[in-house]
Amino acid sequence: MVKRDANLLVLCALIVVLLGLGGAVSGGTYLSMFNLQSMATQVPEIGLLAIGVMLAMCAGSGGIDLSGIANANMAGVASGIFALSLFDAYQSPMLFTVTFAVGCMIVGLMGGILNGIIIARFGITPILGTLGTQMLFTGLAVVLSDGRSVTIGAPDPLYALGNGLIFGVPTSFLIFILIGIVLALVLRFTPYGLRLMLTGANPKAAIYSGFPSGRIITTTYAISGLLAGIAGVIIAARNVNVKWDYGTSYLLVAILIAVMAGVRPEGGYGRVVNVVLSAVVLQLLSSLLNFIGLSNFVRDLAWGALLLCFLAVARFDLINQVMVFRPSRRIPHATK
Amino acid sequence: MKNARHVLNTGLKVALVTTVMGVAGQAAWAQDGKTITTVVKISGIPWFDRMETGVDLYAQEHPEMNISQVGPATADSAQQLQIIQDLIAKGTDALAVVPMDPTILEGLLKRAMDRGTIVVTHEADNQVNTMADVEAFDNAEYGAALNARLAECMGQEGKWTTFVGSLGSRTHMQWVGAGEENASQYPGMELVDANNESFDDANGTYEKAKEVLRKHPDIKGFQTSAGNDVLGVGRAIEEAGLTGKVCLVGTGLPNPSAAYLDSGAITAIGFWDPQKAGMAMNEVARILLDGGEITDGMDLGVEGYNAVSVRQGAGEGKLVVGNGMVIVDKDTYKERLF
């Protein structure tokens with residue numbers, strides 16, 4: 001009955017190997033508290049976008065969200081301009097931070113709902129629909145900011161959000177993990193989670209079963225947008241400034257993380273815990289390569305090789321073959 | 001059987017990769033001296049390849065230190081940010097950064113300096129969180145120098161026009177502004193249709209230059225700003241059969257411009273040598289690492305930076321301005337071919 005999650009095992013093993021390797025080649029610096037914290041602060045923004053991509057993929061029918069980073073930037077820019085027009089970041093830091101963060105989430109959520117409506121109501125293919133909204137969001141951010149970066153500033157609460165530590169763990173990383181846990185529970189235990197996976201696994205059957213497919217898909221893209229909005233808050237908190245063209249490379253990296261996590265691109269299967277671990281693996285790997293001082297082109301190569309390895313693991317079911325495990329039924333199921 | 005072989009194969013490959021990484025890592029940690037790492041906007045393009053030759057040269061001159069250059073593979077400020085963050089965590093003593101986007105790096109560079117990392121920047125005179133920003137030249141002086149060369153070619157009279165990358169490009173506007181000011185001392189020079197936007201696109205510039213040539217058949221000179229402008233305008237001049245009759249002076253790089261310089265369609269190109277800028281940045285970083293100070297008139301030991309002018313920067317740091325401008329023509333460009 002129990003089928004081992006090959007991706008989970010490989011990801012865990014990779015984390016151990018990369019940490020060990022990093023410690024060995026750097027003489028321990030890689031494992032220093034400071035570097036671990038530094039790496040952890042880098043994970044959330046891309047990790048949140050990757051979870052968004054995962055949710056879109058799970059929804060099936062070629063689901064994908066290409067608008068993530070554009071949405072995050074738009075949220076940061078729009079909410080930043082709005083909050084700055086209301087409050088002075090340093091006079092009333094708490095009020096400013098809350099307004100900005102909530103604003104980001106609202107803008108992100110609205111962007112996500114727009115994606116959902118375009119895909120669910122108008123039946124546009126997700127890759128085209130979200131490509132369109134990606135350009136729309138980027139364009140809006142450019143227009144709102146005149147193409148310049150918007151200085152959010154570093155009021156204490158916001159600074160703490162992006163760079164602070166709680167019991168030695170970066171706040172932004174804790175937020176990321178918390179969001180991961182909540183989403184994992186939602187997918188595992190709520191009717192919405194089950195319906196999402198079933199809709200993704202077989203859209204036709206879902207419709208005949210009377211699932212409100214449109215609402216499920218819209219909700220899914222809305223959550224993805226909300227995550228992008230939260231990523232926007234974290235980006236602003238880390239960098240002091242937000243700009244429309246930040247993180248253009250994140251688009252493909254987020255998809256890479258999702259695929260490495262074993263999310264099925266055809267829909268119906270994906271685990272949040274894998275996406276979190278996958279984001280961590282990618283971070284460990286790129287930081288390791290930066291530590292060694294290898295060219296960044298090597299990093300692209302390593303990422304590509306890693307992706308191919310994971311595809312092979314999934315395709316040939318390597319882990320289960322190695323473990324000589326009896327094959328079990330392939331059922332779409334939502335798990336943590 | 002097949003599976004066993006598979007596992008063995010995989011095991012071998014993992015072992016191999018591990019060894020290679022291990023060896024590379026050992027090499028990187030072999031030296032014990034201070035580390036200065038130059039982080040460029042993007043690696044693998046001619047401009048920053050040229051800068052790397054300077055960084056390598058500086059590394060040879062200072063074998064006691066670990067000096068190297070890195071940069072993201074894609075032009076994305078987020079990627080540059082990650083590299084810098086990892087370098088700080090690694091314990092790099094000094095960073096020499098050419099920011100992709102100065103504003104995005106502000107937060108991180110501030111945290112780096114708080115932690116005791118030396119931060120030097122280049123091409124970012126608006127960077128607040130830096131100890132010293134090294135600029136190759138004074139923008140006004142550069143614009144005036146380009147225009148002086150143009151005026152010389154035009155015989156100080158006739159119609160002339162200017163091209164900028166975009167009206168929002170601060171440095172380009174400074175260059176043509178200084179050019180106009182320089183030209184105002186020659187009553188014979190008449191500026192027409194100034195500040196054409198090129199968007200650094202050689203084809204677009206070519207079309208625009210053709211329009212200008214049609215509208216003003218008697219035009220004598222072009223002063224351009226973005227790197228590809230000389231190529232577009234040069235092509236328009238050459239195709240109109242005006243080579244040698246119309247003067248063209250602008251910012252450009254020797255290698256791409258070589259053919260037009262040889263034919264005479266481009267009179268002269270101006271630029272700064274990223275090789276020298278890379279060396280100057282590293283020298284400033286070294287001086288700061290040793291606890292020294294950058295003072296006005298100081299000699300950084302790099303051509304074009306023999307008597308730098310030091311001013312107050314955008315933040316608490318200093319703005320270090322060299323005299324690194326290079327203007328070359330047909331006869332001299334081969335000395336600096338890159």
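Predicted model: local features only at pLDDT ≥ 70, side-chain atom pairs only at ≥ 80, totals over all residues.
# Strands, domains and a chain contact

Biologist: How many bridges join strand 9 of chain B to strand 10 (residues 247-251) of chain B?
Modeller: These two strands run parallel. Strands are DSSP runs of E, at least two residues long, and helices are runs of H or I with at least four, all numbered from the N terminus. Two strands pair if DSSP finds at least two bridges between them. Here strand 9 and strand 10 of chain B share 4 bridges.

Biologist: Which residue of strand 10 of chain B stands opposite B:T224?
Modeller: Strand 9 of chain B also has a parallel partner in strand 6 (residues 158-164) of chain B, with 4 bridges. There, B:T161 stands opposite B:F222. In strand 10 of chain B, the residue opposite B:T224 is B:G250.

Biologist: How many residues of strand 9 (residues 219-224) of chain B are buried?
Modeller: A residue is buried if 20 or more other C-beta atoms, placed from the backbone, lie within 10 Å of its own; 12 or fewer make it exposed, and counts in between partly exposed. Strand 9 of chain B is largely enclosed by the rest of the structure, because its buried residues number 6 of the 6.

Biologist: What share of the residues in chain B is buried?
Modeller: Chain B holds 10 helices and 14 strands. Its C-alpha trace spans about 80 × 60 × 35 Å along the principal axes. Of its 338 residues, the buried share is 51%.

Biologist: Which are the edge strands of the open sheet of 7 strands in chain B?
Modeller: The strand order is 2-1-3-4-5-13-12, with mixed pairing. Neighbouring strands are turned by 20° against each other on average, direction ignored. Each edge strand pairs on one side only, and they are strand 2 (66-70) and strand 12 (309-312) of chain B.

Biologist: What angle does helix 2 (residues 46-61) of chain B make with strand 2 of chain B?
Modeller: Strand 1 (residues 35-39) of chain B runs parallel to strand 2 of chain B, joined by 5 bridges. One bridge pair is B:T37 with B:S68. Helix 2 packs on the sheet, touching both strands. With axes as lines fitted to C-alpha atoms (helices over the stretch in contact) and angles from 0 to 180 degrees between N-to-C directions, the angle is about 170°.

Biologist: How far apart do the C-alpha centres of domain 1 and domain 2 of chain B lie?
Modeller: Domain bounds come from an automatic or database assignment. They divide chain B into domain 1 (31-136 + 274-322) and domain 2 (139-271). The C-alpha centres are separated by 32 Å.

Biologist: Which residues touch the most other members of the largest nonpolar core?
Modeller: A nonpolar core is a set of buried Ala, Val, Leu, Ile, Met, Phe, Trp, Tyr and Cys residues joined through C-beta atoms within 7 Å. This one has 195 residues. It draws at least three from each of domain 1 and domain 2 of chain B. The residues asked for are A:L49, A:I257, A:A258 and B:V120.

Biologist: Which helix gives the largest share of the side of chain A that touches chain B?
Modeller: Contact requires C-beta atoms, placed from the backbone, within 7 Å. Chain A contributes 37 residues and chain B 36. The side of chain A has 13 nonpolar (Ala, Val, Leu, Ile, Met, Phe, Trp, Tyr, Cys, Pro), 4 charged (Asp, Glu, Lys, Arg) and 20 polar residues (the others, Gly among them). With 5 residues, the largest share comes from helix 12 of chain A.

Biologist: Is A:V240 buried or exposed?
Modeller: A:V240 lies in the loop between helix 10 and strand 4 (241-242) of chain A. Its phi is near 70°, a positive value in a residue other than glycine. Because A:V240 has 24 C-beta neighbours inside 10 Å, it counts as buried.

How values were computed:
Residues numbered from 1 in each chain as written. Chains lettered and ligands numbered in written order. Contact = placed C-beta atoms within 7 Å.
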